[in-house]
Amino acid sequence: MTETASITTAGASSTATSGPGSGEVTDAEFPVERGCPFSTPAEYEQIREHAPLAKVRLTTGREAWWIAGHELARAVLADRRFSSDRRRDNFPFVSTDPETRKQLQDQPISMLGMDGAEHAQARRALMGEFTVRRMAGLRPRIQQIVDQHIDEMLSSEQRSADLVEALSLPVPSLVICELLGVPYADHDFFQAHTGPLVRHNTPSQVRVRIQEELNTYLGGLIDRKVADPTDDLLSRQIAKQRAAGTFDRTSMVSMAFLLLIAGHETTANMISLGVVGLLQHPDQLAKIKEDPEKTPPAVEELLRYFSITDTVTARVATEDVQLGDTTINAGDGVVISGLAADHDPTVFTDPTRIDLERGARHHVAFGFGPHQCIGQTLARLELQIVFDTLFRRIPTLRLAAPLDDIPFKSDAIIYGAEELPVAW
Ligand code: HEM
C-alpha cells in the first residue's frame, strides 16, 4: 500500500513514499484517535521504530514535532529551552477550531503555561499543599468518601450502575472541592462546565461562554474567601499572598480553575479506565485482591498503560535545539506524546500488555521535569483507595456491556470513558 507522506521523520526530512510500518509514511493527522483503550495508534509506533521523533501534521493543519521515544520525551520535558507558554505563536494546540485556539491563548496564564522563574515561584507557593505528608492526612476522609459512594451503589436494587456517575466522577470531585474549599453543592455547575472544556470539538462560542461563567463563579468564591477565610487551600493561598502583598485576583482565579479541572477530569477518567483494565485481566486482579501491597505498582502500570493526558505535554522551542541528528528550530511546536513514550518497548518490555507487577513508576503519565504533575501523590492515593475498596467490597463487579459498546472519549484532551455500565 502506498500513501502520500505527511510525516517527516527525523533524519529523513523530505517527503517520502512507502507503506505503514516504515515509520516514514502515513496520511494520519495527529493526534490519532485511539478508538479502543487497549490499542495505541500504529502511527505512534511507526515514528518510534524509525526515530524517536518526527515532524507531523496536526489535526489543526499546522506542523509540529511528535516525540514518541521515552528517553527523548524525558529529555525534552526537562529541557528549559522548550516553553510551556500557550501564548507563543506556534504552540501546538490540538483543538481544530482557530477561535478556540485564540481563546486558549488569550486566557490569563496559569502555572501550566508559565516558564522559568515565574513558574518556579508559582509552583513553590503551591507545593506545600501537596506534600506526601499532607496527602497522607487526607486518607481517612478519602476512604470515607469512597465507602459512602460504594454504600450507595450497593443499595441499588438493580445491582448495576454507571460507574462514571456513581464513583469515578464524584470521588475526585468531592476530594478536590474539599481541598480547595469549593462548595460541593455547586459541583453540578462546574461539572457541566469543566467537561466541555477538555473536549477538542466543543464549539468556541460555547467554550467562551462557559469559561466566562466559570471565571465569574470562581471570582465570586475568591471574593468570599478574601472576606471570610476558611480552612482550605484557596483561603490559605489568598492569605499568604495578601500577607506578602502579591495577591492578584485574576491569577488566583486561574490557579483555582487549573486545580479544579486537573483534580477532576484526570483522576475520574483514570478510575474508569483502571477498572476496565483490571476487569479485563481477572487473573491479575485476583492477585491484587489477595494482597493490597500489590495495588500501588498496579496503579503505576495502569497510569502508564492508559497515559490519559497524551498531548497535554506540549511545548515550543525557544531556540534551535539539536536532538541527535535533528535540529528543532526556534519557534517549532513539539508534542511530547505520553502514550507513545509509555509504550516504548526499549523501556517497557511488551508494552501493549498490562502487567500489574511490572514496576512502571518511571512512566511519564504525570509528565516529567519542572511541570511534572503537582497532584500526583493525591491522584495515586485516590486511585489506590478506590481500586482496593471497590474490589474488596464488590468482589463480583463486572462490566455490564461488551467492551466494544462502551463509549470512550475519542475527542477528549483527557482520555476516558463517557459511561461505564457495571453490575455485580
Ligand atoms: C491521574 C491523574 C492525573 C494525571 C494523569 C495528571 C497528569 C498531569 C501531567 C501530564 C502534567 C504535566 C503537564 C505538562 O508538563 O505540561 C500535570 C500537571 C499538573 N497537574 Fe496533574 N494529573 C493528574 C492529577 C492531578 C490532580 C489530582 C491535580 C490537583 C489536585 C493535578 C494538578 C496538576 C497541576 C497544578 C499541574 C501543573 C504543574 C506545573 O505546571 O508545574 N493533577 N498533570
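How many of the residues of helix 14 are buried? Of its 12 residues, 10 are buried, a residue being buried if 20 or more other C-beta atoms, placed from the backbone, lie within 10 Å of its own.

This is a predicted model, in which local features need pLDDT of at least 70, side-chain atom pairs count only at pLDDT 80 or more, and totals for chains, interfaces and linings use all residues. Residues are numbered from 1 along each chain as its sequence is written.

Select residues 295–306, which form helix 14; helices (H or I, at least four residues) and strands (E, at least two) are DSSP runs, numbered from the N terminus. The buried residues include Thr 295, Ala 298, Leu 302 and Phe 306. They pack against helix 12 (249–279), helix 13 (282–290) and helix 16 (376–393), contact requiring C-beta atoms, placed from the backbone, within 7 Å. Just past helix 14, Ser 307 has a positive phi of about 25 degrees.

Next, select strand 6 (residues 314–317), which pairs antiparallel with strand 4 (residues 82–83) over two bridges; pairing requires that DSSP find at least two bridges. Here Val 316 lies opposite Ser 83. Strand 6 also runs antiparallel to strand 9 (residues 333–336), joined by three bridges, and Ala 314 has Val 335 of strand 9 as its bridge partner.

Finally, display helix 10 (residues 204–227) with helix 11 (residues 233–244): they pack at about 65 degrees, with axes 9 Å apart, the axes being lines fitted to C-alpha atoms over the stretch in contact, and angles running from 0 to 180 degrees between N-to-C directions. Ile 222, Lys 225 and Val 226 of helix 10 meet Leu 234, Ser 235 and Ile 238 of helix 11.

Methods
Expected span 1.5 Å × (residues − 1). Contact = placed C-beta atoms within 7 Å.
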